[in-house]
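Reader: I am new to protein structures. Could you show me how to read a few features, step by step?

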Amino acid sequence: MRTSRVEAFSDGVLAIIITIMVLELRVPEGHDLAGLIHDTGVGLLTYLLSFVYVGIYWNAHHHMFHLVRRVNGAVLWANLGLLFCLSLVPFTTTWVSESRLEATPVVVYGLNLLSAAVAYVVLQQVIIRQQGPDSPLREAVGTDLKGKLSVAFDVAGILAALLIGGRVGVWIALACFVAIVIVWVVPDRRIARVVREHEPAQ
């Protein structure tokens, strides 16, 4: 089957995920800046981090499917696996926020991010296997340094919160998660270049 339905369904799920996250934000009890910072400050920061994460996955998913013409059942299931992992982000984000950055919720949040990173790599590999030895997606991702860095930072963050614990471990974990955002926010022109190369001449 063609990719249009997969992309439309994925876009809808990701839009719902972002909507659920913003609805989980607590309205401040007061009507001043101090009330906003005290009641909603942590929630806003965790929402911002998760929003950017989901946005990065939407962007990467959108670009990846530019190099896919048709999908089979394996691709559909791998895509559902990615969406399942991302659908848990509102829950883990809210837990981190309501716990005010306790170690256990941060570890679970990191596991959620790690599962999404692994699911994305699996989807990518399933598509490459479907496309065969001359896969344009394989050409585009190359050694996939960004994907490997994402998994490494996720694991480092989880271990920091789990083994070091306390505020120090939590802040190291959050720094690792933010580092992943920085790695992926930098424009990646690999797929755009391969798309141009595979476009038929006008």
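Author: We will look at a pair of helices and then at one residue.

Author: First, some ground rules: this is a predicted model, where local features need pLDDT of at least 70, side-chain atom pairs count only at pLDDT 80 or more, and totals for chains, interfaces and linings use all residues. Residues are numbered from 1 along each chain as its sequence is written, and side-chain values use heavy atoms, leaving out hydrogens and water.

Reader: How are α7 and α8 packed, and at what angle?

Author: Two packed helices are described by the angle between their axes and the distance between the axes. Here α7 (residues 145–164) and α8 pack at about 170°, with axes 7 Å apart. Helices are DSSP runs (H or I, at least four residues), numbered from the N terminus. Axes are lines fitted to C-alpha atoms over the stretch in contact, and angles run from 0 to 180 degrees between N-to-C directions. The angle makes α7 roughly antiparallel to α8 (over 145 degrees).

Reader: Which residues of α7 meet α8?

Author: Among them are L149, F153 and I164 in α7, while α8 brings residues including I172, F177 and W184.

Reader: Is H61 buried or exposed?

Author: H61, in helix α2, counts as buried because its relative accessibility is 4% (buried means under 20% relative accessible area, with a 1.4 Å probe and protein chains only). Leaving aside neighbours within four places in sequence, H61 is in contact (heavy atoms within 4.5 Å) with S10, N79, L82, Y120 and L123.

How values were computed. Helix = DSSP H or I, 4+ residues; strand = E, 2+ residues; numbered from the N terminus. Parallel < 35°, antiparallel > 145°, perpendicular 65-115°, else oblique. Buried < 20%, exposed > 50% of the residue type's maximum accessible area, 1.4 Å probe, protein only.
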